[in-house]
Each structure stands twice: as structure tokens, then as C-alpha cells.
Amino acid sequence: MAPVSAGLMLYRRAAGGLEVLLVHPGGPFWVNKDVGAWSVPKGLIEPGEDPERAARREFAEETGFEPKGPLLPLGSIRQAGGKTVIGFASEAEFDPADLVSNSFEIEWPPRSGRLQHFPEVDRAGWFGLDEARRKLLKGQLPLLDALAALASGS
């Protein structure tokens, strides 16, 4: 069975329109990637865990911030690798300068025998919908579309 994750897209209403908070994955593979590399904070749902709870937990682990407001369901998507992501949105403010992410360990460089720690998320940023569409991983675009539809009342 393919893994199932839950993700939380934070949004805010700004003078120029709706903005979403996206995160950039940390680690050596992503360091020089930008367009099409950003993501919704997300992670695996633990056995028996409620998807909303998982989305809040993963958001906190990846950003250091715990959104308290209600979550709006954005539906689920299937990413290219087969993973299903159940998406939610919440309206809140977050300063990307306050980002505190958990970390992971991998052998780097490959076959070097050296283990290195990297942040799971190395930066976060607020983006208008058009810019978010360029930055976001292609497979997660339906979550952005769902939020835009909710915000416009369609």
C-alpha cells in the first residue's frame, strides 16, 4: 500500500490578494533547485492518527509553528511517486524568519561513509498564487487550485 501523508497550506489575505506559505526542502539534493521545488509542509500519517492531527503535527515539525485555527479540507492528491497527500488549509500569520525545522541524517556525499544532518526544510516564504504556481511541486498544484477555489467562493 502506498504511503499516505497529510499536509497543511497556510494562507493569508494580503493587499495584492491571497498568499500561501510554502517551504523549500533541505538537504544537498534540493540546494540549487527553486522553481517547481517548493512544497506544502507535509508528512506521513501515523497508524491510527487523524489526518488533521497529522497535518498540524507535520507543519509544526517542519516550521516550528503550530497553527491554531480551523482547517479547511482541500481534498487528496496522488503524487508522481505514488504517495497520497490529504491536504488542508488554515488562515494564519507566520514570519519565515522564525522557521525552525526538524532534521534528517543521510550519507553525504554518497558512498563516503560520512553521515551528515540537514534540516528537513531550509527556508519558507509567502507567495501570491501566480508565483506559488511556479514554485510549487507540480503534483501539489491541485491543492493550490482547491484553496483558490475555496477563497473565491466557487
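The largest pocket has a volume of about 260 Å³. A pocket here is an open set of points on a 1 Å grid where a 1.4 Å probe fits, with protein on both sides within 12 Å along at least five of seven lines; lining residues have an atom within 4 Å of a point. Of the 16 lining residues, Pro25, Trp30, Ser39, Lys42 and Glu120 are the closest to the centre.

This is a predicted model, so local features need pLDDT of at least 70 and side-chain atom pairs pLDDT 80 or more, while totals for chains, interfaces and linings use all residues. Residues are numbered from 1 along each chain, and side-chain values use heavy atoms, without hydrogens and water.

Now the rings. There are 5 aromatic pairs, counting rings of Phe, Tyr and Trp (its six-membered ring) with centres within 6.5 Å; planes under 30 degrees apart are stacked, over 60 edge-to-face, the rest tilted. Trp38 and Phe127 have ring centres 5.1 Å apart and planes at 80°, so this pair is edge-to-face. Both Trp38 and Phe127 are buried, where buried means under 20% relative accessible area, exposed over 50%, and partly exposed in between (1.4 Å probe, protein chains only).

Next, Phe65 and Phe94: the centres are 5.4 Å apart and the planes at 45°, so the pair is tilted. Phe65 is partly exposed at 22%, whereas Phe94 is buried at 6%. Together with Phe59, Phe65 and Phe94 form one aromatic cluster.

Note on methods
Grid points are joined across faces, edges and corners, and a volume is the space filled by probe spheres set on the points.
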